[in-house]
Amino acid sequence: MAARPWKCRHGHALEEIVMDSATLEDMRTTLRGPVTGPRDAEYDEARKIYNAMIDKHPAAIVRCADAADVMAAVAYVRDHGLELAVRGGGHSGPGLCLVDDGVTIDLSPMRGVRVDPAARTAQADGGAHISDLDHATHAFGLATPTGIISMTGVGGLTLGGGHGYLTRKYGLTADNLISADVVLADGSYVTASADEHPDLFWAMRGGGGNFGIATSLTYRLHPVDTVGAGVSVWPVGHTREVLAWYREFLPQAPEDVYGFFAIFVVPPGPPFPEELHGQKVCGVVWCHTGDPDRLEETLSVVNEPGPPAFHFTTPMPYVALQSMFDELIPTGYQWYWRGDFFDHIPDAALDVHLKYGENLPTQLSLMHLYPVDGAAHRMGPDDTAWSYRDAVWSGVFAGVDPDPANAETIRQWCVGYQEELHPYSMGGSYVNFMGAGEGQERVRATYRDHYDRLAQVKRTYDPDNLFHANQNIQPARA
């Protein structure tokens with residue numbers, strides 16, 4: 001191995017161990033899954049992630065075949081003093097699933113899902129995507145709350161908390177986690193649940209990837225089959241009126257009614273009429289899990305802020321709704337996003353939303369407000385590491401475009417939007433919506449009073465902060 005000066009994860013000057021071909025070959029003999037290095041033909045493809053704005057160059061990408069591979073890879077990285085990142089679905093906005101000159105442990109080959117329909121549970125491997133979990137559970141008319149883009153990895157989603165169409169009805173993804181098999185920083189393997197390593201189980205439900213690598217996750221399932229899907233849109237100039245109505249209607253609506261508020265540009269194609277294609281709009285995307293015969297009656301309220309320019313509802317298999325947006329924002333685009341939690345939307349915030357909505361920088365840039373009330377509020381404030389049980393919405397501001405030339409434009413729009421709206425927020429963000437370079441104070445704000453407890457759990461399970469390529473919780477000092 002070669003060496004060059006660097007600063008370690010604790011900030012002390014050390015000699016960075018840079019992997020050479022002999023080290024790569026040694027790893028290949030140790031692990032069952034393929035190990036890809038910079039000289040391999042498949043290297044550039046292997047290091048691609050969802051966000052093309054990220055251009056990191058790991059020294060090795062280890063595509064683990066199973067939990068034993070993960071254990072061996074963690075032990076190898078630790079014993080050789082290498083930097084480490086963990087990749088599940090590769091949807092980390094700031095690219096925390098890759099690390100320059102270090103090792104990325106890639107769980108993408110581990111995508112199996114096993115359903116127990118009698119017990120209403122599903123066990124998903126650590127590299128599984130939402131689409132894998134939904135496909136397996138839908139066959140039995142069951143589901144668990146996850147996100148709204150089916151290409152997202154369930155591991156990172158769950159560890160950050162996870163919210164989506166079923167959250168008002170059945171809670172967060174993490175609320176439905178029964179147990180997780182975890183490889184720890186010392187290479188050992190444990191199961192975390194309410195009965196085994198309960199402190200670790202508490203921390204992993206919202207604390208991100210700070211405590212270990214989840215090689216499998218077991219979820220509680222609920223009866224979900226066909227849902228009522230819908231979308232209602234108004235011209236973006238109506239943002240104040242529509243959002244003022246939405247902020248009052250949605251929190252009071254039955255938990256079978258889910259709708260996230262959005263500002264976006266209408267994409268070409270169905271179900272939107274041609275005259276709306278390319279227009280800036282505000283609107284609500286609906287999911288109704290109640291009586292299908294009452295869908296139209298329930299959503300007739302969309303006329304209250306003024307008749308929408310377009311209103312569409314239809315029965316739809318839940319699994320189809322889950323993948324509805326996949327083709328609009330595929331892998332390989334430029335992304336920059338940030339988030340904030342909100343418990344109310346004051347009139348002054350309406351003006352901010354209108355300002356940035358009228359100035360969407362690109363066709364794919366957007367703002368979403370996802371409801372995180374209902375069943376998510378029935379969990380106690382200290383039951384999990386998710387520290388915003390009093391939040392009503394989880395907002396995300398996302399600049400998106402396929403052209404790298406627009407990267408700075410979308411970043412500036414996103415940062416400006418979030419910073420101007422931040423005074424009306426609760427101070428912290430959903431950890432999976434945090435952007436690059438937001439800093440340690442922002443991490444603390446995300447975990448509020450839970451941060452010190454999380455730091456104690458971190459000290460127990462990862463005292464040397466091996467798992468630090470994340471929105472990092474630093475181990476408590478002795």
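The model is predicted, so local features are taken at pLDDT of at least 70 and side-chain atom pairs at pLDDT 80 or more, while totals for chains, interfaces and linings use all residues. Residues are numbered from 1 along each chain as its sequence is written, and side-chain values use heavy atoms, with hydrogens and water left out.

His197 belongs to the loop between E11 and helix H7 (198-204). Helices (H or I, at least four residues) and strands (E, at least two) are DSSP runs numbered from the N terminus. The phi angle of His197 is near 50°, a positive value in a residue other than glycine. Asn465 also has a positive phi, near 60°, and is not a glycine. Asn465 lies in the segment after helix H14 (451-461) and is buried, since its relative accessible area is 3%. A further backbone feature is the peptide bond from Pro270 to Pro271, which is cis, with omega near 5°; Pro271 sits in the loop between strand E15 (257-265) and E16. Most residues other than glycine have a negative phi, and most peptide bonds are trans.

Contact here means heavy atoms within 4.5 Å, and axes are lines fitted to C-alpha atoms, for helices over the stretch in contact, with angles from 0 to 180 degrees between N-to-C directions.

His222 is located in strand E13 (residues 222-223). With a relative accessible area of 12%, His222 is buried. Apart from neighbours within four places in sequence, His222 contacts Gly141, Leu142, Ala143, Pro145, Tyr170 and Asn176.

Strand E14 (residues 226-235) is mostly covered, with eight of its ten residues buried. E14 runs antiparallel to strand E17 (residues 310-317) and is joined to E17 by eight bridges; Val227 stands opposite Met316 in E17. Eight bridges also join E14 to strand E16 (residues 280-288), again antiparallel, and here Gly230 faces Trp286 of E16.

The account now turns to helix packing. Leu243 lies in helix H8 (residues 239-252) and counts as buried because its relative accessibility is 0%. Leaving out residues up to four places away in sequence, Leu243 touches Phe261, Ile345, Leu350, His353 and Leu369. Of these, Ile345 is 102 residues from Leu243 in sequence, yet 8.5 Å from it in space, C-alpha to C-alpha.

The axes of H8 and helix H11 (residues 347-358) come within 9 Å and cross at roughly 135°. H8 is therefore oblique to H11; angles under 35 degrees count as roughly parallel, over 145 as roughly antiparallel, 65 to 115 as roughly perpendicular and the rest as oblique. From H8, Thr239, Arg240, Leu243, Ala244 and Arg247 make the contact, and from H11, Asp347, Leu350, Asp351, His353 and Leu354.

H11 also packs with helix H12 (residues 407-421), at an angle of about 170° and with the axes 10 Å apart. H11 is therefore roughly antiparallel to H12. Ala349, Val352, His353, Lys355 and Tyr356 of H11 meet Trp413, Gly416, Tyr417, Glu420 and Leu421 of H12.

Phe397, in strand E20 (residues 393-401), is buried because its relative accessibility is 0%. Beyond residues up to four places away in sequence, its contacts include Tyr336, Trp337, Cys414, Tyr417 and Leu421. Tyr417 and Leu421 are also among the H12 residues that contact H11.

Note on methods:
Buried < 20%, exposed > 50% of the residue type's maximum accessible area, 1.4 Å probe, protein only. Pairing = 2+ DSSP bridges.
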